[in-house]
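Visitor: I have a structure here that is new to me. Can you walk me through it?

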Amino acid sequence: MQILLCMLTVLVATTAVAKPIAPKIFCDTYPDSGLCAGTLVTCSLCHTSTSPSHTAWNDFGNAVLGARDWETHFANDLPTALSLIEQDDSDGDTLDNISEILLGSLPADELSIPTVPDSPQGDPNPGYNVGGYDFLFAYRRVSIVYCGQSPSLKELDAIEGSDAAYNRLHDKLDACLQSGHWRNVVLDRMADPAIKPINFGTNWEWDYRLFRFVMTEGRDMRDLVSADYHVREAQPGVLTKIEGSVPNHNGVPCNKNDPGTCAFDEMCNTPKESDDGFCAYAAGRQPLEAEHRAGMLTTQWFHFFNTMFSALPRQTAAQAYRSWLDFDIARQEGLMPVSNEPLDVDGKGVDQAECAQCHSTLDPLSYVFASYNGIEAGGASVYDPSRPIRKGLWEEGNAPQSLLLGQPVETLQDWGAVAMASDPFKRKLALLFYQHAIGHDPRPEDLVEFTALWQSLPNDGFSANALNHRLIDLNAFGAL
Amino acid sequence: MTDQHNSRRNFLKGSGAALAALTALSRVPLARALESASNKPMPKRFLFTLTATGGANLTDSFLAVRESESANADALIVYPDTMVKSFPGTALRALDLPFAPQGVPGYRKYIGELQGCGYKQSTFVQKYAQYIAVMALENTSVNHGVAQKRALTGDGCNRGRTLAEHVSEKYGQDLILPNVNMAFSGYLESGSDANLPAYARNEVVGIPYLFAAGTDGMRGMKRALGGALDAAPQVGAELDRGRALMARARAARSDLEAASLFGQTFQCSSVREKLLALRNTKAAAVETDDLITKLMLFAQGELGINLNSFGLETSLLAAQTRAVVEPHPTTGAVINPALGWPNMVADPLVAQTCLAYLLAANGFTTSVTWGPTFSPQPAILDQEPPLAFDYSHQDHVAAQSAMWSRILDATDKLITLLQQTPTGEGDTMWDRSVIHLATDFGRDKERNAVGQDLAVDDVSTGHHLNNGAVVISPLIKGGVYGSVNPDTLYTSGFNPMTGQADANMTMRSHHIYSAICQALDAPFPGMTPMNGVFNG
Amino acid sequence: MKRRTLIDRLPWALVVALAIATALTLNGCTGCQTHTPAIDVTDTGDTQDGADSDTDDGDTPDGAPDGTPDGRPDSDDLPPIDVDPPNACIPAGEGPSFQVSARADLRWKRVHALKNDLLTAMELTEAEACQELGLALPGICFNIVHLVPLGGNDPVGAAMYRPITEPTVTTALAIDRVTTAACGKRVDEDTLAQQAGELGNVFHHMDLTAEAIEVGTPGLQAQIDELYRRFLARSPTDAEVQIVLQLAAPLDGTPVSARDFAKAACFTIATTTEFAFH
């Protein structure tokens, strides 16, 4: 009888194939889960493979499968199945599934478990505030992480034992946030994964300047996905806005044998047979008019490198999704499938079962990007609402609905607006600085304070400086 | 690239002497050169992943189609019959495009008069047909970075591990640098298996021809312990003394770690523990095994570098390796004409290939990944167009021709070295090796206009999922697996168990990944048996 | 940080007892000791009946027999065992007497900060501090050859958009190498200065021109103190001074030169994890 039941379970289980709607259902079921705070779980929560030809589950996934006989409505059944296995310990790490889910560790991974280290025992540490927040330790860390240099003995002597340790710590951070190291080195490297430069011209300098500008001086980081301006660097380290169109040159005459007349971000641009010309931006142009801009989503480099020659800019949308919401669709993160998608508007076969799992989210994300040029006449990033029609993606008046995070968007600016209003955006911004300052992703035991960190962004006007001030107060930063 | 005392004239003068010395060293047979190499046991298997970066299209090489074979010859990128070579006993083909005279348009020409290095695909097939397995493949991404990663992870089929990581886990536990990666972009990325042992992770190498310099804490460094004022310790008494002083200093450092309040307070730190362990084990072994000599690619006096004054030497094996890898495939030149520098410095692929072989031959490494980048290389533009294979966006025919020549030339040289290198256990390195020519994806199959003249007009092609994969090894059965439809140029798959073409089969990255792992006797959970591509 | 497993949650001695008992049982040795048919598993702590040396012969705290002499502990013959709790990850009885950090979430000091700290401590410019093979390329050490192992990345040339996450084999060597370079440069520069009758910038507490020194040579302790202040922003303890001072002792019977001592001391202090982590 038991064997029969087992076989039945297996037979029934094999009809319950992977469903990309599952991550959202899971997080709707457990909105307080640390795994869902400002983000979504991925398919790997339950699966070792989601390929339709060889779907496979991990221990937690198998527990979900075996929790009940699956009927036809996966969406309805999954929450029930999850509830039935809450008290189990699928990965055998001694923490039951519901505890792991709430705390934010993976119920199928025995190595993913909030660590409660044994408390220190013995006499008080003679030099460090073990078990508490150590201001000297934190001061040194602030100096290295933000200023790129250790503090001097003199500085540390001034802090030690001081009642004003907290103020000195934050004053140090303020000073470091003005440093060349932070503004010109750290922020550039922080932007690398989003911008992805290659040694093919330097148009991406516009992107780095915009990023650095938004991340400094307490500016609103939502400009990353909404700015209608660009940024120049006429003198090293001095960033200023360019409102409106970006001219081909600034009208400053120059001679190529004496280019010193040009600013730091310019070069002397001369016609072929002449040594005389005008100072022009060394990084090239930004042809997109201001009314169609949305910060880092619409720079020329972004569309040049990501859209390239494709008609439907899926990679462009995926890169934006990854860079600003921390959802890497290539890893099945951020899946929010739209029903009746993908439409496969360009006939690439993305509606095949293997591909649709991700493309049912990705394609709707991409439609509004299609109105911006890739590598084509007119220049990358130029806005052309007829481009999708010209490329044969859809007919006039019949554009498919673009959606981001389940919300309809009609333009790339809408895309940016939805993004910047979302929790994943806030979380991603905090994560950028957290990873830099702490050196790793938030661990399960630190999720609570990390969540509070990104949730504080609206109160602080989305200021990077304010965020970093809160960050250095975290236990993850300075507690021993 | 030269120090302030090194004028071009001086360099060439010094270079001549260096070249002569290098040439003399290179006449030493490989086997004898190996005697002075590391005497460490060879790993049981080697995986060499040479990345055909940017999209290497198989119908422009091993699966080329003749005009006469296609009902749509005018519309597709097919070639005159005389240029598509066939060979007895194999379905593999080669595309040998002719050179064109100056001022005359030609298939191979790009950016003016450049035509590639000229290495013939037919040379490669004639030499290695029995080892070349070309398998039909349908990729799943047309994004370079994503596709590159998927080519190495089999689209995540093995817990997110790259092939290199998986092979390194199996064969690399006792090796100093089991998994070395010198590649670009998505090929450089680590896999996503959090449970992969640390020793199997990528060791990233940025500058191959200077990598040796980073393998010793003091040797070759001016003003290191034991040396005279303002000088590096010389080989012999000075270096021995320096080493002894360094050993004592490191021992004192260990004592400080134990004695200091910091060391005691933070002894529970895993990352600190890791560095301390590395210092005491692998880092020490790297120095003891003299990687700085064995991987030193420079010859004495080259580029004005007086290696001896730094207490450094070149190894016989490095010189022999350069003798095989460095010469231009058609001119035989070892000096880059644009820069006047050795090819080993001017051409990153030369240095990478040399280092890949040396790491493996010395028993340090079981898996190496390397290949061209997208960066324009002005000094070797005549061999490698900007963006490598992706220059097909500008000029498909010329880009594919130039880059296939380049990749196959490097592969030929590597195989030559491997075949001549005994393992000391009765076989050669080649007998244990798999070479994977990983690529991003294929290219569009159509001309931009019906009747477009491929010899005159530049055809621009985009990224295409349909393509094939190339695996070269004595551990696999050479041949074509799957088929090409001559009227569309699309490949279709094969039965993995029999190897027979099956137009209804779609081959994916995990099939290729499985085949490579099967060849290397490195199974994994969920592996697809690929018996059809093996003998017996 | 050590992850607590089930084993970690059990008192240490109990683990030992269970291990012994299990090993004996698995070996089929349930009574095959050489001297007696019954195997005594000595309790390692107090029993509830007050006897300290209860054996596994069936004793219960109430005195009535409750088991067989099979070598396996009976459940009520395993009373609570008094042992000191561990000090964070350090087993009880080991490590220092004072508290150590349980979180111990140190960060590795990457290339820019490492470089800046070395250059500041040794009062050097980047060009002076380190060259490889005499190649005077700007940034040859920190931006080119050792960039990646020291935790940096080249986003444009190699399309490497993220640095390595943890130290690797070449990290350990690169730290040693660039420190060797920086220390060596400063020592030799100060030696030249002293030969010209000046004090030197950093190593001015000792006579760098001396061909042979010993532990008691004047100035060495002050120099060690100077190096600690420059690299670690603190004074050394007496114990630390003594450790570094031993680098002045003859090695293999041959006296150490002042220069070599200075370089060794510099290297030793500047490559400690206290300098390399934060």
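Guide: First a term: contact means heavy atoms within 4.5 Å. By that rule, 51 residues from chain A and 37 residues from chain C make up the contact between these chains.

Visitor: What kind of model is it, and how is it numbered?
Guide: This is a predicted model, in which local features need pLDDT of at least 70 and side-chain atom pairs count only at pLDDT 80 or more, while totals for chains, interfaces and linings use all residues. Residues are numbered from 1 along each chain as its sequence is written, chains are lettered from A and ligands numbered from 1 in the order in which they are written, and side-chain values use heavy atoms, with hydrogens and water left out.

Visitor: What ipTM and pTM does the predictor give the complex?
Guide: An ipTM of 0.88 and a pTM of 0.87.

Visitor: And what is the mean pLDDT of chain C?
Guide: pLDDT is the predictor's confidence in each residue, from 0 to 100. For chain C the mean is 78, and 70% of its residues reach 70 or more. Over residues 1-77 of chain C the pLDDT is below 50, although this stretch has 96 contacts in the model beyond near neighbours in sequence. Where pLDDT is low, the predicted coordinates should not be read in detail.

Visitor: Back to A and C. How much area do they bury?
Guide: About 3900 Å², with 53% of it on carbon and sulfur atoms. Buried area is the accessible area (1.4 Å probe) that two parts lose on being put together, summed over both. Asp118(A), Gln121(A) and Leu153(A) supply 16% of what chain A buries against chain C, more than any other three residues.

Visitor: How many salt bridges there?
Guide: The rule finds 2 across the interface of chain A and chain C; a salt bridge is a side-chain nitrogen of Lys or Arg within 4 Å of a carboxyl oxygen of Asp or Glu. Asp446(A) forms a salt bridge with Arg103(C), where the closest N and O atoms are 3.1 Å apart.

Visitor: Which elements of chain A touch chain C?
Guide: Those giving two or more residues to that side are α6 (135-147), α7 (153-159), α9 (180-195), α16 (423-438) and α19 (475-478) of chain A. Helices (H or I, at least four residues) and strands (E, at least two) are DSSP runs, numbered from the N terminus.

Visitor: Now chain C against chain B. How many residues are in contact?
Guide: 73 residues of chain C with 73 residues of chain B. The area buried between them is about 6300 Å², and carbon and sulfur atoms give 68% of that. Leu133(C), Leu173(C) and Arg177(C) supply 12% of the area chain C buries against chain B, more than any other three residues.

Visitor: New topic. What is the strand order of the sheet in chain B?
Guide: The order is β6-β5-β7-β1-β8-β11-β4-β12 in an open sheet of 8 strands, with mixed pairing. Two strands pair if DSSP finds at least two bridges between them. The edge strands, each pairing on one side only, are β6 (203-204) and β12 (479-481) of chain B.

Visitor: In which sense do β1 and β8 of chain B pair, parallel or antiparallel?
Guide: Strand β1 (residues 46-50) and strand β8 (residues 433-437) of chain B pair in the parallel sense, over 4 bridges. Leu47(B) stands opposite Val434(B) in β8(B).
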